[in-house]
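Here is a short walk through one protein model. Keep the sequence and the 3D view side by side as you read.

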Amino acid sequence: MGYGVVGQSFGQIITQRKKELAKKYGFRPRIVGIVDKKGAAINPKGLDLEQMLVLKKEKGTVSASTQYGYPKMSALETIESVEAEAIAEVSPTNIEDGEPGLSFIKTAFRTGKHVVTTNKGPLALALPALTELANYNKVYLRFSGTVGAGTPVLEFAKNCLQGDRIVSIRGILNGTTNYILSEMDEKHISYDEALAAAQKLGFAEADPTMDVDGYDAAAKLVIMANWIMDRKVTIKDVKINGIRNVSAQDIEDASNRGRIIKLIGSIGETLKVEPTQISKHDPLAVDGALNAVTFVSESAGEQTIIGLGAGGIETASAVLRDLLDIKQNMSKKMIT
Ligand SMILES: NC(=O)c1ccc[n+]([C@@H]2O[C@H](COP(=O)([O-])OP(=O)(O)OC[C@H]3O[C@@H](n4cnc5c(N)ncnc54)[C@H](OP(=O)(O)O)[C@@H]3O)[C@@H](O)[C@H]2O)c1
């Protein structure tokens with residue numbers, strides 16, 4: 001569902017690594033449908049992904065396929081009518097009402113399909129309910145690409161720290177704001193100048209609200225709190241304060257004390273996203289568009305995972321990881 005940057009990157013990965021995925025993981029995915037805004041392409045025997053990539057580039061929609069195209073067919077109709085084991089839900093994020101992704105996910109569950117999504121919107125608004133719905137329908141919901149893109153933040157906490165108790169999490173969860181704050185610190189420029197530079201380079205959207213007002217980071221915090229710490233929370237439970245009011249003077253004052261201002265999301269007793277001063281030597285003091293998350297656990301102590309928090313191929317690699325995880329769980333026949 002969705003064939004933009006992430007959807008097409010996923011197509012590229014599984015085409016390029018077809019043999020290796022089959023040999024190493026016994027994974028031979030058959031893509032029976034692809035949907036974009038203008039319609040669908042459907043072939044129960046499996047679509048030719050190289051052809052689909054060319055078609056999307058040249059005609060703007062996969063539904064232009066003469067053999068397999070269904071112009072105007074909606075994603076919901078496709079989910080309902082096409083037989084498939086799983087959907088990759090990679091439609092745009094909307095944290096107002098979660099749509100269209102929320103309906104795609106619910107319809108997939110209702111029709112017995114597992115879901116892998118990279119879309120934070122539906123999860124930020126309704127993750128506790130969606131997890132219950134997935135369990136009720138005996139299907140899996142996986143979303144590792146929603147936090148840290150390709151960086152396995154969720155898996156690190158869930159799998160590598162298995163058995164331990166994570167007591168708190170702090171992190172830089174948004175690359176755009178980290179880039180802006182890093183530029184302000186390094187080049188001694190104002191927030192407006194740094195934002196304009198980020199927009200010029202494509203790091204920030206024309207409407208930067210989601211990033212600079214902290215909603216993107218808050219959505220990721222909600223996902224971590226639910227998945228890693230079993231907190232039944234939604235974005236309404238997060239105290240959110242973005243970076244619009246951080247001035248060049250604030251950054252300079254912090255710098256004079258060997259500190260740096262970062263937009264930190266934290267889960268302790270409460271959930272917060274706010275500009276915070278940290279030491280320049282803190283492992284979270286990463287530059288540019290990087291993401292970094294520190295887990296504090298009862299026995300293993302403190303660990304920080306750092307990596308790129310965006311990118312088509314990176315995020316598509318998370319979709320692949322999630323599908324492999326579902327495949328492995330299916331063969332064990334258990335729902336978690
Ligand atoms: N790109 C990243 O680095 C990244 C990283 C982490 C998470 N994510 C998340 O992953 C998701 C996908 O991101 P992206 O960068 O691939 O976005 P994108 O390039 O904008 O692609 C979105 C796709 O969804 C399709 N779409 C929109 N509304 C639809 C509808 N009603 N029915 C069917 N298809 C619809 C679009 O169709 P058209 O092609 O016809 O416009 C497009 O193919 C987003 O939720 C994003 O937040 C992205």
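The paragraphs below go from strands to a pocket, and then to some loops. The model is a predicted one.

Start with strand β11, which covers residues 290–297. Is β11 mostly covered or mostly open? It is mostly covered: six of the eight residues in β11 are buried. Strands of a sheet pair through backbone hydrogen bonds, and the pairing is either parallel or antiparallel. β11 has pairings with two strands to follow here, β7 and β12.

Take β7 first. This strand spans residues 166–172, and it pairs with β11 in the antiparallel sense. Six bridges make up that pairing. Serine 168 has valine 296 of β11 as its bridge partner. Arginine 170 stands opposite threonine 294 of β11.

Now turn to β12, residues 301–308. β11 and β12 run antiparallel, joined by eight bridges. Which residue of β12 stands opposite threonine 294? It is threonine 304. Find threonine 294 and you can look across to arginine 170 and to threonine 304. Strand β9, residues 259–267, pairs with β7 in the antiparallel sense. Three bridges join β7 and β9.

Next comes an open sheet of three strands. What is the order of its strands? The order is β4-β5-β6, and the pairing is parallel. β4 and β6 are the edge strands, each pairing on one side only. Helix α5, residues 101–110, packs on this sheet. The helix touches β4, β5 and β6. The direction of α5 makes about 175° with that of β4. Within the sheet, β5 covers residues 114–117 and pairs with β6 over two bridges. Look there for valine 116, which stands opposite arginine 142 in β6.

Another hairpin is built from β1 and β2, with two residues between them. These strands pair in the antiparallel sense over four bridges. β2 spans residues 39–42. Glycine 33 has isoleucine 42 of β2 as its bridge partner.

How many residues line the second largest pocket? There are 37 of them, and Pro29, Arg30, Ile31, Glu85 and Ala86 lie nearest the centre of the pocket. By kind, the lining divides into 24 nonpolar residues, seven polar and six charged.

The loops hold the last stops. Most residues other than glycine have a negative phi, and most peptide bonds are trans. A few places here depart from that pattern. The peptide bond from glutamate 99 to proline 100 is cis, with omega near 5°. Proline 100 sits in the loop between β4 and α5.

Histidine 188 has phi near 55°, a positive value in a residue other than glycine. Find histidine 188 in the loop between α8, residues 175–187, and α9, residues 191–200. Why does histidine 188 count as exposed? Its relative accessibility is 63%, and the cut-off for exposed is over 50%.

Aspartate 230 also has phi near 55°, again a positive value in a residue other than glycine. Aspartate 230 lies in the loop between α11, residues 215–229, and β8, residues 238–240. Its relative accessibility is 56%, so aspartate 230 counts as exposed.

End at glutamate 269, in the loop between β9 and β10. Is glutamate 269 buried or exposed? It counts as exposed, because its relative accessibility is 83%. From there, look for glycine 288. Glutamate 269 and glycine 288 are 19 residues apart in sequence. In space they are 29 Å apart, C-alpha to C-alpha.

Methods. Residues are numbered from 1 along each chain as its sequence is written. This is a predicted model: local features need pLDDT of at least 70, side-chain atom pairs count only at pLDDT 80 or more; totals for chains, interfaces and linings use all residues. Side-chain values use heavy atoms; hydrogens and water are left out. Buried means under 20% relative accessible area, exposed over 50%, partly exposed in between (1.4 Å probe, protein chains only). Two strands pair if DSSP finds at least two bridges between them. On a 1 Å grid over the protein atoms alone, a cavity is a set of points where a 1.4 Å probe fits but cannot get out, and a pocket is an open set with protein on both sides within 12 Å along at least five of seven lines; lining residues have an atom within 4 Å of a point. Ala, Val, Leu, Ile, Met, Phe, Trp, Tyr, Cys and Pro count as nonpolar, Asp, Glu, Lys and Arg as charged, and the others, Gly among them, as polar. Contact means heavy atoms within 4.5 Å. Axes are lines fitted to C-alpha atoms, for helices over the stretch in contact, and angles run from 0 to 180 degrees between N-to-C directions.
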